[in-house]
Amino acid sequence: MKNWKRNLKFFVITAGFLILVLIAFCKVYNMSSVSDKDFKTYKQALNYLEQNDLQNAYFNFSNISKNSKLHEIALLREAMCADGLKDTATAVRKYHLFLERFPDSLFARKAQYSLGQNYFRENDFKKAEKIFTILKKSPKPDEYSIASNYYLGMINKEKSPQKAKLFFSKYLEDSPDGRFSLNCINELLSFKIPLETYDNKIVGRAFFINNMHKEALPFLNKADMRSNWHYIFTAYQYAGQMDKAHNVFVNGYSEYSASIDEKELNDAIEFFAKTRYGNEKDGWYKALEIAKNNHSKGEDFIMYRLSRLVDNPLKEFFYKEIFKKFPEGKYASD
């Protein structure tokens, strides 16, 4: 089931990329300047592509004139079709050709990344490492620089485990729910290198974000409680360990609520209020009691949410309390 979900996610991402290509095509190129022959050939290629007939799609893309404004996109699609047909030699040649002819293309990094993947699959790790290292150094992180960490980790895991560990950790830090996140976790755990506190944090959070709450708990409990108590509380709750969840929330709220950002805190409070008690209103009142007793952050948020669940005169009471105690807060204006 998990593999099916991951394959679906990959398909959606790929489809999204193809849509972006089409949008860019529509914006960048003036169709009136493209010959009727090239336009019809390109359109036919797209039809074959929609039918997953990669062989005929490749053939039609390759017949676009080199001086046509459609050539840039057609050449990239040629390489992608060859990739889909597992014709590595042709894919590598076409990606190289694309990068030679269109080094400043909007899709140059996509072509570089795909070229690196082909070298990796063919065990040409020297060339693959060079490409992924270049992609990783991008001044503006993107999906290609993030994914490069995974491949660099795989390339280095035998010759330099410590170096590989840093790459896998970086991937999890940047993309805890990414396509390669569970692979990175498995690789990290396969090393005989003890995980540091920060590593436990990112592994635990990656498991958590992938809805693997029981697996997350051993790692989150070894991480810094100050910045993870809300994850630990939620993981215990999802894992059905209600008493532990309650204790973590109550004790952690007073001590660590100021250590996490507002959204994380609000999400934790809301999860507590909605899941701990049979009645949501009771949950919010309990959260308010905890916040007031400890003068903790989030009291105004709790009163605001309670004001939405009660009628006058309690509604008016909460509004006045918010304005009196938190006049500069985000909920005072309401």
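User: Which helix is Tyr-285 found in?

Analyst: Tyr-285 is found in helix α16; helices (H or I, at least four residues) are DSSP runs, numbered from the N terminus. This is a predicted model, in which local features need pLDDT of at least 70, side-chain atom pairs count only at pLDDT 80 or more, and totals for chains, interfaces and linings use all residues. Residues are numbered from 1 along each chain as its sequence is written, and side-chain values use heavy atoms, with hydrogens and water left out.

User: Why does Tyr-285 count as partly exposed?

Analyst: Buried means under 20% relative accessible area, exposed over 50%, and partly exposed in between (1.4 Å probe, protein chains only). Tyr-285 has 31% relative accessibility, so the label is partly exposed.

User: What makes Phe-318 buried?

Analyst: Its relative accessible area is 2%, which is under 20%, so Phe-318 is buried.

User: Why is the pair of Tyr-285 and Phe-318 called tilted?

Analyst: Rings of Phe, Tyr and Trp (its six-membered ring) pair if their centres lie within 6.5 Å; planes under 30 degrees apart count as stacked, over 60 as edge-to-face and the rest as tilted. Here the centres are 6.4 Å apart and the planes are at 45°, so the pair is tilted. Phe-318 lies in helix α18 (residues 314–325), 33 residues from Tyr-285.

User: How many aromatic pairs does this rule give?

Analyst: The count comes to 29. One of these aromatic pairs is Tyr-113 with Tyr-144, tilted at 5.3 Å centre to centre and 45° between the planes. Tyr-113 lies in helix α6 and Tyr-144 in helix α8, so the pair ties together parts 31 residues apart in sequence. Both Tyr-113 and Tyr-144 are buried.

Note on methods
Helices (H or I, at least four residues) and strands (E, at least two) are DSSP runs, numbered from the N terminus.
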